[in-house]
Amino acid sequence: MLADTNPHLRGSLAADVPWVSRGFAGSRFRGPPPPALEAQHSEARPAAAAAVGEEHPAWQREWRANVFNRGEKDMQTRDGGRERAQQLGEHKVATEVHPSSVHFLQTRHALYVGHVVLAGPPSNNDVAEAWLTPIFADPNPCAAGGIPAHHVAGFALTTRPAAAEAVCLAEAKVPPLHTGDVAAARGRFCDSCGITSDAARLCSVFQAGAYKPLVRLESTSFIRVLKGPPESDPMWKSCTTPGAPVSLTFLEFETRKRYRVSGVICDPLTEGGFSVTTMECFSICPRYIQQRTIDFVCPAEEMPKPVAHSSLQQQDPSRLPEDLIEFITSRDTMFITSVNPELARGVDSSHRGGRPGFVRVVDKSKLVWGDYHGKGMFQVLGNTLICDKVGVTFVDFEHGHTLQVTGTLRVVWVDPKDGLDHCPRVCIFSISRWLYTEFASAFHWKFLALSSHHPVLIDTPLLHSLASSSVDSAADHWRAVGEAPLVKFHIETAWSESPCMKTFRLRMERPLMWEPGQYGTFCFDVGGAPFLRCFSVSSATRAVVPGAGSCDNLLGASDCVEISVKLQGRVTSWLHEHWEGSDGVCHGVEGGFTLSMSAYVMAQGNSIVEHPFSSWWKLLFLSAGSGVTPMMSMLRGIRNSLSGSLSIQEMPDVVHIHVERCADDVPFKTEWPALVESGVLKRALFALTRSSASEPVPSCLQPLMSPACYGHLTKEFVAREVPDVAERFVYLCGPNAFMADTTTLLTAAGVKFNFIINENYDY
């Protein structure tokens with residue numbers, strides 16, 4: 001069936017690999033169903049789909065229900081997030097690459113491949129080693145001295161609408177930003193990731209001509225990798241036969257975007273590359289990715305040949321020499337892969353990030369790190385309950401060297417107070433052997449910024465209890481360096497915005513700089529343990545608008561920051577009840593959900609920008625629940641700018657639709673009429689999902705409640721009240737289900753998909 005469905009999966013593979021026909025039953029590598037199941041549903045499928053409007057046939061619903069293996073389920077249950085993980089997996093995981101991600105995959109110049117070396121014939125499923133191999137694109141010949149970043153065309157936003165860039169450029173008529181446009185871009189964009197230099201703000205993206213293509217998608221289910229690894233790499237032992245499982249991680253450091261594909265080898269590995277049939281595809285969260293940009297590409301004629309150093313050349317291959325220990329304990333990024341040999345022998349790989357030194361070395365033969373809070377699907381760690389073989393890889397981004405390590409992994413659950421960096425899980429990786437490769441990459445990355453989500457490095461007694469002789473940890477050194485950006489705060493006061501939302505005023509120990517619409521990562525001490533949470537900054541200084549000069553002059557700095565928090569979890573409950581006298585730490589402010597995003601995209605689509613901005617810069621804010629907070633920050637930024645040197649003609653035309661259960665739950669009640677009266681908002685509209693027109697409305701909101709939408713938001717209401725919706729750039733923020741449904745509603749109403757930007761830091 002798989003061969004029939006996917007023309008790129010040869011018939012011999014379906015016959016030779018027995019798990020292909022039964023993989024969906026007990027593994028995430030599902031593929032199409034076995035013939036019996038297909039026949040069982042074939043007749044009923046059209047009628048059932050027509051009756052209930054189902055997008056997915058019955059067999060797809062069945063394998064979505066089995067999206068996780070038993071090891072992953074056990075981890076999720078112990079973590080207390082089994083139900084949430086199941087919902088997330090069913091929502092995110094697909095068997096093919098989403099069309100909006102095709103361009104992203106095909107423009108990568110680095111790829112990280114997880115794979116396994118078997119101890120015997122494939123039929124035994126006896127895993128000997130797991131490895132993760134980085135593959136870097138080859139540079140094209142060029143002038144001596146390489147390609148410095150400021151000579152390379154391109155510009156990357158820190159947050160992009162979720163559409164293929166090619167479609168974005170075609171539909172929005174946004175021309176590529178060339179080198180000559182870089183100067184014009186200065187002052188148009190805000191530093192949305194806490195980066196302070198001009199060079200950092202202009203995160204350069206290399207033209208296709210700077211390097212040879214590395215990835216090509218012949219369809220959304222068939223990926224061709226156009227280059228093989230160095231001849232010394234273990235991939236030559238694991239990926240030379242059809243059916244071998246692999247996992248591909250695609251990552252763009254400039255935008256902190258990553259995508260993961262798991263599947264099987266279709267065309268075996270050669271010097272010219274290999275091909276993969278996809279079985280599991282999804283985007284993964286950017287929470288712990290550091291921001292980097294390439295500032296040099298070594299030309300092909302000057303690129304040294306990779307030089308490999310294997311631990312098999314030494315007496316004890318499991319021990320690390322001092323220089324590699326120092327190499328590991330200074331890294332801020334690691335890639336990891338694991339394997340589930342049951343049924344599908346499926347491979348999972350992912351990215352791990354932290355402050356430099358987050359990986360410690362014990363007895364020169366073990367790596368130890370804390371497992372940070374993530375989505376809670378445990379797709380890498382869950383496999384270790386079934387097979388403990390794991391591979392990790394570190395990259396020297398500044399010089400192009402790599403260190404690959406294979407071994408076994410054990411996960412220990414601890415009290416967060418005792419865990420490394422206050423994590424509830426500690427990973428103990430016992431090294432079997434390693435491979436260090438010099439000059440593996442022609443690309444040299446420049447470090448820009450740490451993610452603001454990393455916890456502070458803390459060595460606890462647990463670390464020393466694991467050692468019999470030595471502990472190599474750079475946590476103390478790097479903590480002194482890495483804590484400099486952290487800003488302590490005291491909660492000064494709080495007030496209610498609605499029955500379930502409060503605004504907290506934080507007094508920072510020093511001024512904090514942000515652009516309206518961005519979010520901060522805040523650390524609170526709850527019950528003696530630190531908890532990191534992301535909240536949009538609801539206060540504002542001034543808005544950033546195009547043509548207004550340097551962004552550094554526009555960005556506001558203040559030691560007073562307000563966050564508006566809805567009551568909906570352990571940390572928010574603690575905050576609502578115990579805020580008085582409480583302190584915390586802000587790890588940073590970041591995000592691209594800002595006015596500067598739409599200003600750039602819409603200005604490029606209008607050649608005559610000397611007209612009043614409101615004639616072409618049209619926005620629709622669509623929010624639900626606490627999703628209103630970043631939009632309120634932007635509206636306040638516009639209002640504050642109007643009280644300064646900017647006029648209403650230099651401001652966008654904004655219509656805001658907010659969705660709540662009832663009028664009493666609407667936050668910022670007294671502020672909405674003032675924003676409309678001042679001209680900051682053209683219109684404020686409300687959709688009340690659990691109210692009727694006969695129910696009382698607070699007096700301050702009564703002038704805005706006619707018309708109102710009672711019940712869920714509809715396409716008809718949007719089209720009637722915002723007739724020019726197709727001309728507007730839409731900011732969308734709220735619960736995930738709301739954003740998914742509203743995106744469908746908006747595209748049906750004529751809004752271009754690439755004109756919709758959503759805010760989501762639900763990591």
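Two strands pair if DSSP finds at least two bridges between them; strands are DSSP runs of E of at least two residues, helices runs of H or I of at least four, both numbered from the N terminus. The model is a predicted one, in which local features need pLDDT of at least 70, side-chain atom pairs count only at pLDDT 80 or more, and totals for chains, interfaces and linings use all residues. Residues are numbered from 1 along each chain as its sequence is written, and side-chain values use heavy atoms, with hydrogens and water left out.

**Colour by confidence**

Start with pLDDT, the predictor's confidence in each residue, from 0 to 100. The chain average is 78, and 75% of the residues score at least 70. Select residues 1–56: pLDDT is below 50 there, and the stretch has 100 contacts beyond near neighbours in sequence, a contact being heavy atoms within 4.5 Å. Then select residues 143–208, where pLDDT stays under 50 and the model has 150 contacts beyond four places in sequence.

Next, show the seven strands that form an open sheet with antiparallel pairing, in the order 2-1-5-6-7-4-3. The edges are strand 2 (127–136) and strand 3 (215–219); each has a single partner strand, so one side of each lacks a neighbour in the sheet. From one strand to the next the twist averages 30°, with axes fitted as lines to C-alpha atoms and angles running from 0 to 180 degrees between N-to-C directions.

Zoom in on strand 5 (residues 245–252) and strand 6 (residues 257–265), which are joined by eight bridges in the antiparallel sense. Pick Pro 245 and look across to Val 264 in strand 6, which stands opposite.

**Ser 350**

Select Ser 350, in strand 11 (residues 346–353). Is Ser 350 buried or exposed? Its relative accessibility is 8%, so Ser 350 counts as buried (under 20% relative accessible area; exposed is over 50%, partly exposed in between; 1.4 Å probe, protein chains only). Beyond four places in sequence, the contacts of Ser 350 include Thr 249, Arg 260, Ile 284 and Val 380.

**Leu 745**

Finish at helix 23 (residues 736–748), which holds Leu 745. Leu 745 is buried at 12% relative accessible area. Setting aside neighbours within four places in sequence, Leu 745 contacts Leu 713, Thr 714, Lys 715 and Val 718. Leu 745 and Lys 715 are 30 residues apart in sequence, and their C-alpha atoms are 5.7 Å apart.
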